[in-house]
Amino acid sequence: FEGIKARYGAEALALFSHGYGGNWMKHLFHAYGSPNIGAPSYAQCRGPRDVGFDLTFGWGVGSPERTDIKNSQCLVLIGSHLGENMHNTQVQEFAEAIRSGANVITVDPRFSVAASKSAEWMPIKPGTDIALLLAWMNVIIGEGLYDREYLDAYAYGFEQLTEHVRPYSPEWAYTRTGLDPDQIRRTARMMAASRPATLVHPGRHVTWYGNDTQRTRAIAILNALLGSWGRKGGFFVPSSMEIPPYEYPGYLDHEAQVLDRPNPSDYPLADQVLAQGLCNATVPDVVGDSRIKGWMVYGSNLPTTLPNPEQTYRAIQELDFLVTVDVLPAEIVGWSDVVLPEATYLERCDEVFTPPWRVPFVSVRQEVVPPMYESKPGWWIARELGNRIGLPEFFPWEDSMEYAKTRVTAAGLDCDVLQRDGVIVGEQGPLYFEEGSPPIFYTESGKIELYSQRLAAQGFDAMPTWHDGEVEDPPQGYYRLLFGRAPVHTFGRTTNNRLLSDVMDENGVWVNRKIAERWGLVNGERVYLQNQDGVRSTFSAPVKVTDRIHPDAVYLVHGYGRKADKLKQVFGKGIDDAELITRVKTDPIMGGTGMNVNFVTFLRAADVDAEAAQVARVDVETSGKRVAIGAGGRQEVAS
Ligand SMILES: Nc1nc2c(c(=O)[nH]1)N[C@H]1C(S)=C(S)[C@@H](COP(=O)(O)OP(=O)(O)OC[C@H]3O[C@@H](n4cnc5c(=O)[nH]c(N)nc54)[C@H](O)[C@@H]3O)O[C@H]1N2
Ligand SMILES: Nc1nc2c(c(=O)[nH]1)N[C@H]1C(S)=C(S)[C@@H](COP(=O)(O)OP(=O)(O)OC[C@H]3O[C@@H](n4cnc5c(=O)[nH]c(N)nc54)[C@H](O)[C@@H]3O)O[C@H]1N2
Ligand SMILES: [Mo]
């Protein structure tokens, strides 16, 4: 840390961090003086959604999301595969909504678990959701089904929107989406019938096609037409507990630059650092002169998380120094110079947690059993690093409990209660406009912007617009690679867990029955996937022949095909989606990496393994060796 700061400046050290535990490392970086802190949960996950909603309502949807799922009478899921996506609170509320008789409309090229609970499944052609959203607006405005009073009071640009969506009839949308125009009309009326208790879910992992801010803005606008923002069964107004920050001397006033974009004018509405941008800024021939020389990686397995892993490996080779804080011998760990093994979440105490929610609360995750071996909690790792690089004034606390006590006591709360119960719940404020929550919109116009002045000023479409050809069709013999979650697993974090891998030990390739017939593939037959750039999956997986997927696409659960051989349960099982994602379409508005733009074809494992046994073996050996060098040769374990 000191060497990099002395030689290149603090900004040359970047932090990749995912999850709440990373807050200690972020504090360390602010104290050290580097603003280059990126999280894959932004540009590889929910960034476009937050920007799309912010542009429309002047608010993001937050995390946990302010979605009033349990009170919703009509829930529209656009790809959000709740039930497989086990976003815990949302799934529980989804169950409650179904129990209360809510109509569910699921738009997904795959018959997801959510689709199976739905009144309507709309098997959309992948990549065409903007066309559907515009057609829904066309019907809702054309038939006068919108919330006139709400729009009169709060919205800006209704006339422009009315003109704008006129050409986008359900018949027009049919030619793009493949969806029956009657179904588009029927579902639009269904949504309007339950308004304002209709929730068009904002989605979460939305980095799909590079036009994702515009798609999520279309979702936001549709919600506005239905009057659901700030209304029961739509989006509630959250509140949070005021817990004063810990008093530090103040972060250094450094001159350091954020280095995630070659030109400061790129991605003008990005409001967080782009993780892939930090990776690119490490490779000399991508940015001209590489500026980032060291990485700290906390809780993020970059080779399976950032698109185009070859680029990530190249960046790693350019680094002076890579330190990883992790709990497993994951791929990124094998590539690290130094590994700081963290205690797992039940063995440590994390930072106090006070997100905005229906009821304000403060909670803290506490140690249940002591850490094993040389593993240490994140707060300890950050503090010891801070002390040893001359920043002790930023780490005056004894441990995380003393830290929490200071903050919680300053808020006038009883820390013993927090320690005993794990949570203190505050008083619930008004949740909806009709309960007295003030309708405040932090946009340029102070209103809900159906027409976005900010987008117009930046030269982007002020209203979501369909552009033919914006999303490419699969080439002949290729299928769009889609991916998602399995209920028992959390990313690749748990696929190596012995008990959970008993439940699901590898992924399969979902292939439409007609396509399987065309290829003569039978259920259970093993295939490798090869993408449009000739990149072949390192391992194979069984085909799942099904009517539950659009013929344009195949589907994989993320988190398999692992190459780190110390992950004994999962090593070599199934196919890694990430290694096939060699292309992205970057959202010009905020820099999200659309990753659903890769196409794959099938190679029979029997053919590959028999006829080209030699090639296949070399392939596996080389990638095995890469990992072995990473894991054995460069690794040091901290003591
Ligand atoms: N069990 C489990 N749950 C998790 C996680 C986990 O690792 N494990 N991770 C959490 C995280 S961080 C996130 S961000 C969320 C992600 O979960 P979500 O935000 O719900 O979903 P995505 O991963 O974006 O999308 C996957 C779904 O989108 C569909 N889809 C693909 N392309 C299209 C398209 O063009 N149009 C439409 N309409 N649908 C499409 C796929 O068929 C699939 O059903 O899950 C969270 N929940
Ligand atoms: N190809 C592809 N790429 C994706 C996605 C996808 O579905 N497919 N999903 C995208 C989405 S939605 C997101 S949010 C990101 C997520 O991206 P990541 O956050 O990188 O997710 P994981 O792959 O689960 O990596 C988590 C790493 O943290 C380690 N870990 C687990 N628990 C702890 C802990 O308590 N402490 C520490 N220090 N480490 C821990 C795990 O061992 C693992 O190495 O990826 C994005 N990228
Ligand atoms: Mo995510």
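In this predicted model, a polar side-chain atom of H81 sits 2.9 Å from an oxygen atom of ligand 1, a polar contact in the sense of a pair of N or O atoms within 3.5 Å. Local features need pLDDT of at least 70 and side-chain atom pairs pLDDT 80 or more, while totals for chains, interfaces and linings use all residues. Side-chain values use heavy atoms, without hydrogens and water, residues are numbered from 1 along each chain as written, and chains are lettered from A and ligands numbered from 1 in written order.

The side chain of D108 brings an N or O atom to 2.6 Å from a ligand oxygen atom, and a backbone N or O atom of V107 lies 3.0 Å from a ligand nitrogen atom. Of the 930 Å² that ligand 1 exposes when taken alone, the protein buries 95% (Shrake-Rupley areas, 1.4 Å probe). Its shell holds 31 residues, with D108, H205, Y209, H489 and F491 the closest; a residue counts if one of its heavy atoms lies within 4 Å.

Turning to ligand 2, a polar side-chain atom of H18 is 2.3 Å from one of its oxygen atoms. For T305, a side-chain N or O atom lies 2.6 Å from an oxygen atom of ligand 2, and for V325 a backbone N or O atom lies 3.1 Å from a nitrogen atom of ligand 2. The protein covers 94% of the 930 Å² of accessible area that ligand 2 has on its own. Around ligand 2 there are 28 residues, the closest being H18, T305, D326, E342 and D577.

Terms used:
A polar contact is a pair of N or O atoms within 3.5 Å; within protein, one must be able to donate a hydrogen and the other to accept it, and residues adjacent in sequence count only if both atoms are side-chain atoms.
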